[in-house]
Amino acid sequence: MSKLDSLFSSELAAADDRRVRRRLRTASAAPPGRIVLNGAPVLNFSSNDYLGLSKHPLLIERAREWAARHGAGAQASRLVCGNLDLHEQVEAKLARLKGTEAALLLASGWQANAAVLPALLRAAAARGEVELYADKLNHASLHHGCQAAGVKQIRFRHNDLDHLERLLAARAETGLDKPVTRFIVTESVFSMDGDRTDVARLAALADRYQAFVYLDEAHATGVLGPGGMGLAGLAPGHIDLAMGTFSKALGGFGAYVAGSRALCDYLINTCSGFIYTTALPPAVLGAMDAALDLVPTLDAERARLEAAGDYLRAALQALGLDTGASSTQIVPAIVGDEGRALAMAADLERRGLLAVAIRPPTVPAGTSRLRVTLSAAHRDTDVEQLIAGFAAALA
Ligand code: PMP
């Protein structure tokens, strides 16, 4: 026991008493859609590997090839001497697929949101007043980025664009003559609810109130929108910045922002989370590059994923479970109480099914849930087994 432990040992003990202490478990190798956890093989309904690409031979082969050719690391940050031709190749491919002028890679989705938002909001604050509209259930990293910028968030009710419009209109009435920079920060698919933003309406609102849109496409990239490259493509030219990750449907690791060339150049010059960190390594870039080659070819997988989502929602609802506003591959079974969610997840796991319980502070109090995520790697029989597991756990 170190001296430092006295800071938090009572908090950990209290979590133990309430049986809600978080513990890491060890995952060993398993095929896509499956996982071996602490030695026990189970069907995996908790990963974000929505297309099963994390195990795709092309990603693994290109990761290996690029590491063999360029080394294990990039050796430095990008502005020093770590800017490999490989980074630029992936960025150019990404911008082409996103239909934007440019794209910039960042180390992770968390880091992108935590670092890009402060850089943008600083530029806005230098011009005068800033109004920052943020969805109430935005991901922790978006919230962190807004907080780090020190700009007060005007939170709109979750995915409620009527509420957003009322907030915009109320302020616009009183402040139209003042120079104000408005930002709307939201997600295209929400990670814990699996519902999606009406991007066309969001774009129209942003136009009407002259607001910039920062859209987190972490859970849409690879899965939804034109060519599977996210929902920003549904409102071409209207989403000022689309951020997304390679860590979910794209099967690897890392993140991007896509937008104008000037935006990327500005971030290269000012974003601390880009400047002061080592460039992504060749193996990671290889997997990214291969995923970007594959994504446009995976329409059939996306259609299967969509059908599986519809089927699962209907089945869970028939069992009396609340799946909220989900309309994607993320299907929550909202049970409310934290203890009940944990007990139900444990029950499913004894039946060979992993659907991890998500609880506060990740989701609001009273909305604890089992977050089920589907993957194109799941077979129909896997989904049937999950539904049977839920039925047995509820019996
Ligand atoms: N944004 C959203 C909406 C997310 O769900 C996540 C991952 N949970 C992130 C950003 C962070 O991405 P990464 O895992 O690549 O850090």
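Among the 14 residues around the ligand, those that come nearest are Ser108, Gly109, His139, Ser191 and Ala218. The model is predicted.

**Ligand shell**
- Helix H5, spanning residues 109–125, supplies three residues to the shell around the ligand, which is the largest share.
- Sorted by class, this shell holds nine polar, three nonpolar and two charged residues.

**Packing of helices H12 and H14**
- Helix H12 covers residues 299–318 and helix H14 covers residues 380–394; their axes come within 10 Å and cross at roughly 15°.
- Angles under 35 degrees count as roughly parallel, and H12 and H14 are therefore roughly parallel to each other.
- The crossing of H12 and H14 is right-handed.
- On the H12 side, the contact is formed by Ala308, Tyr311, Leu312, Ala315 and Leu316, which meet Val383, Ile387 and Phe390 of H14.
- By class, the contact of H12 with H14 comprises eight nonpolar residues, with no polar and no charged residues.

**Overall architecture**
- The protein chain contains 14 helices and 14 strands.
- Taken along the principal axes, the box filled by the C-alpha atoms of the protein chain is roughly 60 × 55 × 55 Å.
- The radius of gyration of the protein chain is 22 Å, which agrees with the value near 21 Å that a compact globule of 395 residues would have.

Definitions and conventions
Residues are numbered from 1 along each chain as its sequence is written. This is a predicted model: local features need pLDDT of at least 70, side-chain atom pairs count only at pLDDT 80 or more; totals for chains, interfaces and linings use all residues. A residue is near a molecule or strand if its C-beta atom, placed from the backbone, lies within 6 Å of it. Helices (H or I, at least four residues) and strands (E, at least two) are DSSP runs, numbered from the N terminus. Ala, Val, Leu, Ile, Met, Phe, Trp, Tyr, Cys and Pro count as nonpolar, Asp, Glu, Lys and Arg as charged, and the others, Gly among them, as polar. Axes are lines fitted to C-alpha atoms, for helices over the stretch in contact, and angles run from 0 to 180 degrees between N-to-C directions. Angles under 35 degrees count as roughly parallel, over 145 as roughly antiparallel, 65 to 115 as roughly perpendicular and the rest as oblique. A crossing is left-handed if the near helix is turned anticlockwise from the far one by less than a right angle, and right-handed if clockwise. Two residues are in contact if their C-beta atoms, placed from the backbone, lie within 7 Å. The radius of gyration is taken over C-alpha atoms; the globule rule is 2.2 Å times the number of residues to the power 0.38.
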